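Take a look at the model below.

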Amino acid sequence: APAENMHDGNLCGDDEELFEDLCYMKCSLLTEGKNPIRTSAFTCCESHPCSFSNTIFNMNAPCAGFDVAGKINGQKGACPHTIGTCLEDEELLLGMCYKKCSLLTGGQFTHRVAATTCCSQTGLACLNPMNLRTNFVDFPVGGGKGDGTKSTPSKPHKPLKVLTEKNTTAPTSVSPAITPSSPQTAEAPQATSAPL
């Protein structure tokens, strides 16, 4: 499981905040502490009471500007998502966690552009079919696929809140994740706060 503070009451990743039922990167991080209060998907406020004079707006495109998730497992530029986070060997695409393309393709196609497609480039270069690899069987999988641990999801799934807070329950179809380095127990591994 990713290194998260499991007792802070934050159901999102440590670099994220919950707003309107979605996890966004914290305004305090996006604005270097100057405007730490999120007031919408696109705005951050300096202090209460929030008004036009102490609020900044940043909306370049959907899933850009202030409308972004935290850096899930190092991944930048993901869209805001439901509460929880992905396993360490997963990436987020359109609200679902998938096994990282970099792991599935031996590092050759590292950017996921669809459930079944990985790209060797980023941005508009992914419109070139030569930069794409598609696999309808091996790519749409969760991080638990092939790890030999029944408690990690082998199918794509929504972010798991059991990975962000200790006293939450996993969905009935998914047990708490166990990392290969931790003992095989029924408890979710202890996590600590990771540096950003």
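## An open sheet

Three strands make up an open sheet, ordered 3-4-5, with antiparallel pairing. Strands here are DSSP runs of E with at least two residues, helices are runs of H or I with at least four, and both are numbered from the N terminus. Two strands pair if DSSP finds at least two bridges between them. At the edges sit strand 3 (37-38) and strand 5 (55-57), each pairing on one side only.

Strand 4 (residues 43-45) is joined to strand 5 by three bridges. In one example, C44 has I56 in strand 5 as its bridge partner.

## Where the model comes from

This is a predicted model: local features need pLDDT of at least 70, side-chain atom pairs count only at pLDDT 80 or more, and totals for chains, interfaces and linings use all residues. Residues are numbered from 1 along each chain as its sequence is written, and side-chain values use heavy atoms, leaving out hydrogens and water.

## Two salt bridges

The structure has two salt bridges (a side-chain nitrogen of Lys or Arg within 4 Å of a carboxyl oxygen of Asp or Glu). R38 pairs up with E17, their closest N and O atoms being 3.0 Å apart. R38 is in strand 3 and E17 in strand 1 (residues 16-19), so this pair ties together parts 21 residues apart in sequence. R38 and E17 are both buried (under 20% relative accessible area, with a 1.4 Å probe and protein chains only).

E91 and R112 form a salt bridge too, at 3.0 Å from N to O. E91 counts as buried at 9% relative accessibility, and R112 does at 6%.

Methods: Buried means under 20% relative accessible area, exposed over 50%, partly exposed in between (1.4 Å probe, protein chains only).
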